[in-house]
2 protein chains.
Amino acid sequence: MMEKAVFYHAGCPVCVSAEQDILEVIDRSRYDLEVVHLGQEQARISEAEKVGVESVPALLLGQNVLHINFGASLTDVKNG
Amino acid sequence: MMEKAVFYHAGCPVCVSAEQDILEVIDRSRYDLEVVHLGQEQARISEAEKVGVESVPALLLGQNVLHINFGASLTDVKNG
């Protein structure tokens, strides 16, 4: 069964660089990976907060959030 | 060709949790993953610093370092 993974980012340079690495490294035969640009999809910021995302880029795996490097806090994303 | 990936950690709870996720998510058919416990292999701390690791847990992919969450700074690891 495919597991769900969500990569949250905000288009910042740190995010873009991490996104390339994550898309490359993740086992796509086992993970269904969705990429969410929170700068463009502001409606999903509250969803991201709910699952435990505190900064972007972040990778949600099941119920675990991996915060990767540090691009921007969600507060900054909310404030545009 | 297998690419090389190195997961550096120091045995801290954040490290152990991230390690489980990384071992799970990484595409092992394409990445040859080495796990290095810097607390036990202090001789490799300078190698980690050289490739750009600033805190653990961290994943080295080619020349890129992904710092994952925040367990401990390398300075803390050096000081035991």
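Hi everyone. Helices here are DSSP runs of H or I with at least four residues, strands are runs of E with at least two, and both are numbered from the N terminus. With that in hand, let's start at V51(A), which sits in helix α2 of chain A, residues 45-51.

A quick word on the model. It is a predicted one, where local features need pLDDT of at least 70, side-chain atom pairs count only at pLDDT 80 or more, and totals for chains, interfaces and linings use all residues. Residues are numbered from 1 along each chain as its sequence is written, chains are lettered from A and ligands numbered from 1 in the order in which they are written, and side-chain values use heavy atoms, with hydrogens and water left out.

Back to V51(A): is this residue buried or exposed, or partly exposed? Its relative accessibility is 31%, so V51(A) counts as partly exposed; buried means under 20% relative accessible area, exposed over 50%, and partly exposed in between, with a 1.4 Å probe and protein chains only. Leaving aside residues up to four places away in sequence, V51(A) touches Y8(A), L60(A) and V65(A), where contact means heavy atoms within 4.5 Å. V65(A) is 14 residues away along the chain, with 7.6 Å between the two C-alpha atoms.

Now for the place where the chains meet.

What about charges? The rule finds two salt bridges across this interface, each a side-chain nitrogen of Lys or Arg within 4 Å of a carboxyl oxygen of Asp or Glu. The side chains of R30(A) and E24(B) meet in a salt bridge, at 2.7 Å from N to O.

Last stop: strand β1 of chain B, residues 3-9. Five of its seven residues are buried, so β1(B) is largely enclosed by the rest of the structure. Seven bridges join β1(B) to strand β2 of chain B, residues 31-37, and the two run parallel. Strands pair if DSSP finds at least two bridges between them. For E3(B), the bridge partner in β2(B) is Y31(B).
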